[in-house]
Amino acid sequence: MKKIEAIWLPDVQQQVFRALMEVMSRPGKTAHLAELVDDCSALRALLATLIDGEVSLADRDQLLDSSDWPLLQCQQRDVESAAYVVCAGERAPDFEPKLGTLASPEHATTLILKLKSVQAGKQQCTLSGPGINGTQKIAVSGLNRAWLEQRQQWNSAFPLGVDIIVVDDTHVMALPRTTQIEVTSWDM
Amino acid sequence: MTAMRQAKAVYPFGFLDEYAKKEVRRTVLKAIAIPGYQVPYSSREMPMGRGFGTGGLQLTLSLIGSNDTLKVIDQGSDDSVNAVNLRSFIEMTCEGINTTDVTDEADLIQSRHRIPEKPLREDQLIILQVPYPDPLVVVEPSEDKRKVMHGEADYSRLLVKLYEDIVQFDEITISHRYPTRINHHYIIDPSPIPRWDVPKLHQSKALILLGAGREKKIYAVPPYTDAEPLAFDDVPFRVENFIDQHGKRRACDRCGDTTSFLDEFTSSDGNKVYQCSDSDWCREQLQKKGA
């Protein structure tokens, strides 16, 4: 019998979701998913947790295996109309995601950026805003700075904007639209 | 004994199917990302009437896992009808979870109409059951228009409503469901918590989730987020003071505490009696006195 990977099991998805909710409510905080999801990547774990046939997904940089698509059951769309868009963080944004509308700001895209690391690196920022007690420092690597510049533009008229989830192989961190990001030092 | 009566229905963990849970979970993430915005979701039928806390219940069932410890309260008490029924339903459908009456021991708290007296910690989470999520409903009947007003943070008509209160009564007369502005934009109905609990929303250490099952909305106050009750510069917001006719702060009849929110009862001899509304707080104060 074929063994089902941990990320497709309801009890694992519940725990992955709780980790996701924790990082979304406390921007800059990272969650370690490796023990929860065996050898699966954090990216696949969070997609398995959030995505089903009701939502659309775009994979700009082919980060997913073709075998994942049938299991995710979602509608495959282009980057400008999908509800969830997965991108490699080192490649600059080349599209306009959905920002929602004034009456329905939840119809905005959730961007999922895959980085080299969300735990350490020479790209350092200070975060502030809801969910953060004062300020929070983060250090990542593998992020194209254009994302931050674009993000600032996309999020300039609250409540419109995009919510970003960043992942590396095993960790996840979130930058909801309310988070203010100030770059303190930047090296690729 | 018929076979029917012996038959045991088998439900998945958490009663809801995984698609329903996923939808609630996606909605929760959006609610956190847009503090105070009422995110619509397709509230499912639950085996109890809408209006009995189905919004809070769906949140709890979508969030809970077997290693969680849950506390369910209704008006501060673990033993009132709504809390007992919701707790036993969750116990029945979520095998392996722990439940507790002690605020300190719980990591998930589902509540109707109160926030515990004891300040919540970062590792805790409170879910409030909401009957009427939209504070603008008293001034604008059309939801389409209310959504635009919320988006534009246009609350002038709500302020006029409060002003009319002051003109008529010299005081804002809202006792519970006090409109509260979250992160300087959206105004929420914080559920029927008394004014006493409204300041606890401000810069809370714990995440606060609000679920309205009948109205099909989920919204959130993230931790460390500003929450300001609507008021005027010259008429500041105030909470219940529990001062008697002699100018003295009433104490709880049971534990003697003078710092908690009090419920008023009429005793069998016709006198008014005051007791802590938060039963776990009262128990703890009694225990401290005994020690």
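This is a predicted model: local features need pLDDT of at least 70, side-chain atom pairs count only at pLDDT 80 or more; totals for chains, interfaces and linings use all residues.
On the side of H2(A), the contact is made by Ala48(A), Thr49(A) and Leu50(A), while H2(B) brings Lys22(B), Arg26(B) and Leu29(B) to it. Sorted by class, the residues in this contact of H2(A) with H2(B) are three nonpolar, one polar and two charged.

## Two helices that run alongside

Two packed helices are described by the angle between their axes and the distance between the axes.

By class, the contact of H1(A) with H2(B) holds eight nonpolar, three polar and three charged residues.

## The interface as a whole

The size of an interface is often given as the accessible area lost when the parts come together. Chain A and chain B bury about 3100 Å² between them, and 60% of this area is on carbon and sulfur atoms. In chain A, the residues that lose the most area to chain B are Phe17(A), Arg26(A) and Glu106(A), which together account for 18% of what that side buries. Counted by residues, the contact takes 39 from chain A and 40 from chain B.

Between chain A and chain B there are 19 residue pairs in polar contact, with both residues at pLDDT 80 or more. On the side of chain A that touches chain B, H1 and H2 (42-50) of chain A each supply at least two residues, and H1(A) gives the most, with ten residues. That side of chain A is made up, by class, of 19 nonpolar, 13 polar and seven charged residues.

## Salt bridges

Side chains of opposite charge can pair when their charged atoms come close. Over all chains, the structure holds 37 salt bridges, and three salt bridges are found across the interface of chain A and chain B. The side chains of Asp163(A) and Lys30(B) meet in a salt bridge, with a distance of 3.1 Å from N to O.

Within chain A, Arg44(A) forms a salt bridge with Asp68(A), and their closest N and O atoms are 3.0 Å apart. Because Arg44(A) lies in helix H2 of chain A and Asp68(A) in helix H3 (residues 68-72) of chain A, this pair ties together parts that are 24 residues apart in sequence.

Most residues other than glycine have a negative phi, and most peptide bonds are trans. The peptide bond from Phe158(A) to Pro159(A), however, is cis, with omega near 10 degrees, and Pro159(A) is found in the loop between helix H4 (146-154) and strand S8 (163-167) of chain A. In chain B, His113(B) has a positive phi of about 75 degrees although it is not a glycine, and His113(B) belongs to the loop between strand S4 (108-112) and strand S5 (125-129) of that chain.

Notes. Residues are numbered from 1 along each chain as its sequence is written. Chains are lettered from A and ligands numbered from 1 in the order in which they are written. Side-chain values use heavy atoms; hydrogens and water are left out. Ala, Val, Leu, Ile, Met, Phe, Trp, Tyr, Cys and Pro count as nonpolar, Asp, Glu, Lys and Arg as charged, and the others, Gly among them, as polar. Contact means heavy atoms within 4.5 Å. Buried area is the accessible area (1.4 Å probe) that two parts lose on being put together, summed over both. A salt bridge is a side-chain nitrogen of Lys or Arg within 4 Å of a carboxyl oxygen of Asp or Glu. A polar contact is a pair of N or O atoms within 3.5 Å; within protein, one must be able to donate a hydrogen and the other to accept it, and residues adjacent in sequence count only if both atoms are side-chain atoms. Helices (H or I, at least four residues) and strands (E, at least two) are DSSP runs, numbered from the N terminus.
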